[in-house]
Amino acid sequence: MAIQRPKGTQDHLPSGSPKLSLDTRAAAFEYVRDTARRVLERAGAQRIDTPLFEEAELVKRGVGGSTDIVRKEMFTVYYFGDHGGYVLRPEGTAGIVRAYLQGGWKQLPAPLKVWLHGPMFRAENVQKGRLRQFHQVDYEVFGSTDPLVDAEAIALLVEVVRELGLKQVKVKLGSIGDPEDREAYNAYLRDLFTPHLERLSDDSKDRLTRNPMRILDSKSEGDQQLIAELGVRPMLEFLGEDAAAHFAQVQRYLTDWGVPYDLDPSIVRGLDYYRRTAWELHHEGVGAKSALCGGGRYDGLAEQLGGQAVPGIGWAFGIERLLLAMEADGVELPVSSGPQLYLVALDEENVPLAAKTALEARAYARAEFAYRAMKPGSAFKDAERRRAVWVGLIGSDEAAQGTVSLKHMETGEQKVVPVGELAAFLQKSDD
Ligand code: AMP
């Protein structure tokens, strides 16, 4: 058998491929990226890129040493037989904050909005919507703690998914307060869970000493049952005055702008550098447990990475999961047309002339040519399969007179046009 692609990866395929689904169609990825680009760049975000691999230490500090991602899911990069201490990036934020610090972006006007798209890597158990190489769109804002920035980030996310035609989406919004609020909450959780230590999963026993909030995020059913039985109070009840006022302001903006959200007290972010606003975007068609997007404020992250403090907030969605949601909602992609001009020679000796005419026409139109001569009937069939707008035939008469015999594939309109007037003719027919 020919060599297969690695488990948990997907090829992005040309339109018309057998076995094509929306989440494997290259044009669908392009459509999502283009839509995100339009919405985010209209709001002043600049497109950036960071390396696909980073220092393992960066990812460990950025994502958190106690997370599954760091403990179980890292792809390590080896070269020349040596371990370089690098890993493939599992998410975008740590690398972007590193780039911010290393590039001195603090000097740029704040708030600084950037966005990125690209592949991310996690050695997860593979399932539908859970891959080992997947693709994210990331949006991050630096240099402001203003609740206006939080509300705008959420509004932009909602605008992207609305422009993509998604209907059954819900923003679930919470706040995890300031570090001292979280300390109080963790103390409460420690007191609450300690008498039930033996019922917790091994991972959660560990979390109880290190970071009790992360128990609430546990994937273990036993843990979740205990959480339900104990009637755990939500983090929102532990917000201090400042964090509560900030959160109320975020909500006022969202309400004022007509951005729908549901308060979700169960949203937790266990790591120390997360602050205040946190949210997820869910879709009914993709399953309750798998969020389309996660976002939040991470004002303590830059310091965690050894840099100067800078407030930051951002979100990331997985393109594959978004495409699964679009498929569930029955969203159709706009059909892209084929070439505006498809040139076909009627005899072998004019194939090079058809090619040359097409090459020149590419200065003003999407132009292709047939690599072998065809009779008019076959040329029309071929042009139809390729979804061409105009087919242009070049036989010995046309070659002698320097013309092309055009036919519009939809209306059937026919016209002989001198090669020198093709640009003007196609432009006019486009209007
Ligand atoms: P996270 O960085 O874990 O908050 O993930 C942000 C988003 O990336 C999720 O909401 C998903 O849409 C997507 N995502 C995360 N992990 C995977 C994965 N293994 N496969 C596909 N998409 C993923």
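This is a predicted model: local features need pLDDT of at least 70, side-chain atom pairs count only at pLDDT 80 or more; totals for chains, interfaces and linings use all residues.
Colleague: Let's start with α1 and α5. How are these two helices oriented, roughly perpendicular or oblique?

Modeller: Helix α1 covers residues 26–42 and helix α5 covers residues 147–163. Their axes are 9 Å apart and the helices pack at an angle of about 140°. Angles over 145 degrees would count as roughly antiparallel. That angle therefore makes the arrangement of α1 and α5 oblique.

Colleague: Which residues of α5 make the contact with α1?

Modeller: On the α1 side, the contact uses Tyr-31, Thr-35, Ala-36, Arg-38, Val-39, Leu-40 and Arg-42. By class, the contact of α1 with α5 has six nonpolar, one polar and four charged residues. The residues from α5 are Leu-156, Glu-159, Val-160 and Glu-163.

Colleague: And is the crossing of α1 and α5 left-handed or right-handed?

Modeller: Look along the pair that packs at about 140°. The crossing of α1 and α5 is right-handed.

Colleague: α1 also meets α11. How do α1 and α11 lie, oblique or roughly perpendicular to each other?

Modeller: Helix α11 spans residues 319–328, and its axis comes within 10 Å of the α1 axis. The two axes cross at roughly 100°. Angles of 65 to 115 degrees count as roughly perpendicular. So α1 and α11 are roughly perpendicular.

Colleague: How many charged residues are in the contact of α1 with α11?

Modeller: From α1 come Ala-28, Phe-29, Tyr-31, Val-32 and Arg-33, and from α11 come Ile-319, Glu-320, Leu-322, Leu-323 and Met-326. By class, this contact has eight nonpolar residues and no polar ones. The number of charged residues is two.

Colleague: What about α5 and α9: are they oblique or roughly parallel to each other?

Modeller: Helix α9 runs over residues 241–256, and its axis is 8 Å from that of α5. The packing angle is about 45°, and α5 passes α9 in a right-handed crossing. Angles under 35 degrees would count as roughly parallel. The two helices are therefore oblique.

Colleague: Which residues of α9 make the contact with α5?

Modeller: α5 contributes Pro-147, Leu-148, Asp-150, Ala-151, Ile-154 and Ala-155. The residues of this contact divide into eight nonpolar, two polar and one charged. On the α9 side they are His-246, Gln-249, Val-250, Tyr-253 and Leu-254.

Colleague: Now the ligand. How far is a polar side-chain atom of Arg-122 from an oxygen atom of the ligand?

Modeller: There are 13 residues around the ligand, and those that come nearest include Arg-122 and Ala-291. A backbone N or O atom of Ala-291 lies 2.9 Å from an oxygen atom of the ligand, while a polar backbone atom of Gly-129 is 3.5 Å from a ligand nitrogen atom. For the polar side-chain atom of Arg-122, the distance to a ligand oxygen atom is 2.8 Å.

Colleague: Finally, the backbone. Which residue is joined to Pro-111 by a cis peptide bond?

Modeller: Most peptide bonds are trans. Pro-111 is found in the loop between α4 (93–103) and β5 (112–121). Its cis bond has an omega of about -5°, and the partner is Ala-110.

Colleague: Is phi of Lys-19 positive or negative?

Modeller: Most residues other than glycine have a negative phi. Lys-19 is found in the segment before α1. Its phi is near 60°, which is positive.

Key
Residues are numbered from 1 along each chain as its sequence is written. Side-chain values use heavy atoms; hydrogens and water are left out. Axes are lines fitted to C-alpha atoms, for helices over the stretch in contact, and angles run from 0 to 180 degrees between N-to-C directions. Helices (H or I, at least four residues) and strands (E, at least two) are DSSP runs, numbered from the N terminus. A crossing is left-handed if the near helix is turned anticlockwise from the far one by less than a right angle, and right-handed if clockwise. Contact means heavy atoms within 4.5 Å. Ala, Val, Leu, Ile, Met, Phe, Trp, Tyr, Cys and Pro count as nonpolar, Asp, Glu, Lys and Arg as charged, and the others, Gly among them, as polar. A residue is near a molecule or strand if one of its heavy atoms lies within 4 Å of it. A polar contact is a pair of N or O atoms within 3.5 Å; within protein, one must be able to donate a hydrogen and the other to accept it, and residues adjacent in sequence count only if both atoms are side-chain atoms.
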